[in-house]
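I opened this notebook to record what I looked up in the structure. The entries follow the order of my looking.

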Amino acid sequence: MTREQFIQRLLEVFKEDTSDVFSNGLEKGWLEFEDQLYRDDVITRKNIARIIHMYLLKQKRIPDLQDISKAGELRDIYDCRVCAKHVAQIYLRGIMGAKELSAKGGFLWFDLNGEDDDHSIEEYLIRAYGITKEIG
């Protein structure tokens, strides 16, 4: 799924105006210019986390969780320091999960630059929508 397709689908799930997928998000601060610039690129997990987190925060006024220390169990969370807060919020809210890379357990990996299939992405959007119903 491309960034543009993801943003379009997010707006559809949340029953928002989809006539211009970028203008509202850029204006309200939940999208970045890079989202429009790289609109045709396949969306990565770190960008999914950022966009959903910022949409919930800026558009839906869902406050951040204050204690994000439990997200430290993700071995790659600080591989992208800019992404860490977004990933932590989305992970701790149960919107996106981690991958377990050890048969013995305990090695959790978010896979920041990984790509997910459309079905998984749809699940993330449904979970994010559910958060707004619980909190909002």
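I take buried to mean under 20% relative accessible area, exposed over 50%, and partly exposed in between (1.4 Å probe, protein chains only). Helices (H or I, at least four residues) and strands (E, at least two) are DSSP runs, numbered from the N terminus.

I note that this is a predicted model, where local features need pLDDT of at least 70, side-chain atom pairs count only at pLDDT 80 or more, and totals for chains, interfaces and linings use all residues. Residues are numbered from 1 along each chain as its sequence is written, and side-chain values use heavy atoms, with hydrogens and water left out.

Helix H5. I looked up its burial: seven of the nine residues of H5 are buried, so the helix is largely enclosed by the rest of the structure. They are Ala84, His86, Val87, Ala88, Gln89, Ile90 and Tyr91. Their cover includes H4 and strand S2 (108-109), where contact means heavy atoms within 4.5 Å. Just after H5, I found Gly94 with a positive phi of about 80°.

Disulfide. I found one disulfide in the structure, taking the term as a pair of cysteine sulfur atoms within 2.5 Å. Cys80 and Cys83 form it, with sulfur atoms 2.1 Å apart. The torsion about their S-S bond is about 60°, so the disulfide is right-handed. Cys80 counts as buried at 16% relative accessibility, and Cys83 is buried at 9%.

Ile7. I listed its contacts, leaving out residues up to four places away in sequence: Ile7 touches Val21, Phe22, Trp30, Leu31, Asp35 and Ile51.
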